[in-house]
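Subject: Structure handover

Hello,

Here is the structure I said I would pass on. My notes on it follow below.

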Amino acid sequence: MSLKQKITDDMKAAMRSGDIKRRDTVRLLQAAIKQREVDERIVLDDAAIIIVIEKMLKQRKDSIAQYEAAQRMDLADIEKGEVSILMDYMPQPLNDAEITALITETIVASGAQGVRDMGKVMSILKLKLAGRADMAKVSVLIKEKLSGWNSYWKAQSGNFCVICPSVFI
């Protein structure tokens with residue numbers, strides 16, 4: 001079942017059960033998906049829907065921070081409820097070890113040699129990690145890796161296998 005179909009089914013279930021908070025949140029999600037489809041004249045696949053959900057989650061988290069700063073806990077609680085409902089549609093998040101392994105694999109595969117190649121690595125990882133990791137955290141990890149990677153490349157002066165950097169020639 002596609003993510004779009006699951007959202008539609010959840011909307012129907014929320015309407016039948018009388019769950020107003022879930023119904024309203026899912027309705028907002030459906031409206032955001034429909035808006036993007038109309039604007040771009042395409043039908044969104046699951047990956048594109050996850051991007052829409054990520055955007056909505058980011059908006060909600062920003063709103064929560066602003067409401068809490070303004071001592072409006074009632075509005076912050078509403079946003080937190082929407083975040084929990086939207087998180088139901090996100091894929092299972094990766095742990096730190098899996099993220100680090102993917103970063104290393106991508107750096108090797110892309111041939112990145114330093115921080116200047118960070119954009120190339122980020123663009124590849126953004127597709128692989130969509131909805132499964134906090135990209136701000138991933139960005140910091142990539143920067144750390146590439147900073148260390150650059151000195152690693154210089155220290156080895158080309159005496160290693162590009163496919164498996166742990167094997168020296």
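Leu29 is buried, with a relative accessible area of 0%. This is a predicted model, so please read every value here as computed from it. Leu29 belongs to helix α2. Setting aside neighbours within four places in sequence, Leu29 is in contact with Ile7, Val52, Ile53, Met56, Leu86 and Tyr89. For Ile7, which is 22 residues from Leu29 along the chain, the C-alpha to C-alpha separation is 8.3 Å.

The chain as a whole

The protein chain contains seven helices and zero strands, which gives the pattern α-α-α-α-α-α-α along the sequence. It has 169 residues, and 31% of them count as buried. Among contacts with a separation of 6 or more, 54% are between residues 24 or more positions apart. The chain exposes about 10,500 Å², and carbon and sulfur atoms supply 57% of that area.

Helix α2

Helix α2 covers residues 20–40, 21 residues in total. From first C-alpha to last it reaches 30 Å, close to the 30 Å expected at 1.5 Å a residue. Its buried residues are Thr25, Val26, Leu29, Ile33 and Glu37. Seen down the axis of α2, these fall within an arc of 115°, so they line one face of the helix.

What does the buried side of α2 pack against? The buried residues of α2 pack against α1 (3–17), α3 (46–69) and α4 (73–87). On the other side of α2, Lys21, Lys34, Val38 and Asp39 are exposed. Just after the helix, Arg41 takes a positive phi of about 55°.

Nonpolar cores

The largest nonpolar core has 20 residues. Those with the most contacts inside this core are Leu3, Ile7, Leu29, Ile33, Ile49, Ile53 and Tyr89. Helices α1, α2, α3 and α4 are the elements that give two or more residues to it, and α3 gives the most, with eight residues. Apart from this core lies another, of 16 residues, which includes Ile107, Ala112, Met118 and Ala133.

Tyr89 is listed both among the contacts of Leu29 and among the residues with the most contacts inside the largest core. Not counting residues up to four places away in sequence, Tyr89 touches Leu3, Lys6, Ile7, Asp10, Arg22, Val26, Leu29 and Ile53.

Salt bridges

Side chains of opposite charge can pair when their charged atoms come close. A search of the whole structure finds twelve salt bridges, and three of them are described here.

Lys4 forms a salt bridge with Glu37, with the closest N and O atoms 2.4 Å apart. Lys4 lies in helix α1 and Glu37 in helix α2, so the pair ties together parts that are 33 residues apart in sequence.

Arg60 and Glu82 meet through their side chains in a salt bridge of 2.5 Å, N to O. This pair links distant parts of the chain, with Arg60 in helix α3 and Glu82 in helix α4, 22 residues apart. Arg60 is buried, with a relative accessible area of 11%. Glu82 is buried as well, with a relative accessible area of 14%.

Salt bridges that share partners also join Asp19, Arg22 and Asp88 into one network. Arg22 counts as partly exposed at 22% relative accessibility, and Asp19 is partly exposed with a relative accessible area of 31%. Arg22 is also one of the residues that Tyr89 touches.

Regards

Notes:
Residues numbered from 1 in each chain as written. Predicted model: local features only at pLDDT ≥ 70, side-chain atom pairs only at ≥ 80, totals over all residues. Heavy atoms only, no water. Helix = DSSP H or I, 4+ residues; strand = E, 2+ residues; numbered from the N terminus. Buried < 20%, exposed > 50% of the residue type's maximum accessible area, 1.4 Å probe, protein only. Contact = heavy atoms within 4.5 Å. Areas by Shrake-Rupley, 256 points an atom, 1.4 Å probe, with all protein chains shown as cover. Expected span 1.5 Å × (residues − 1). Arc of directions from axis to C-beta. Core = buried A, V, L, I, M, F, W, Y, C linked by side-chain atoms within 4.5 Å. Salt bridge = Lys/Arg side-chain N within 4 Å of Asp/Glu carboxyl O.
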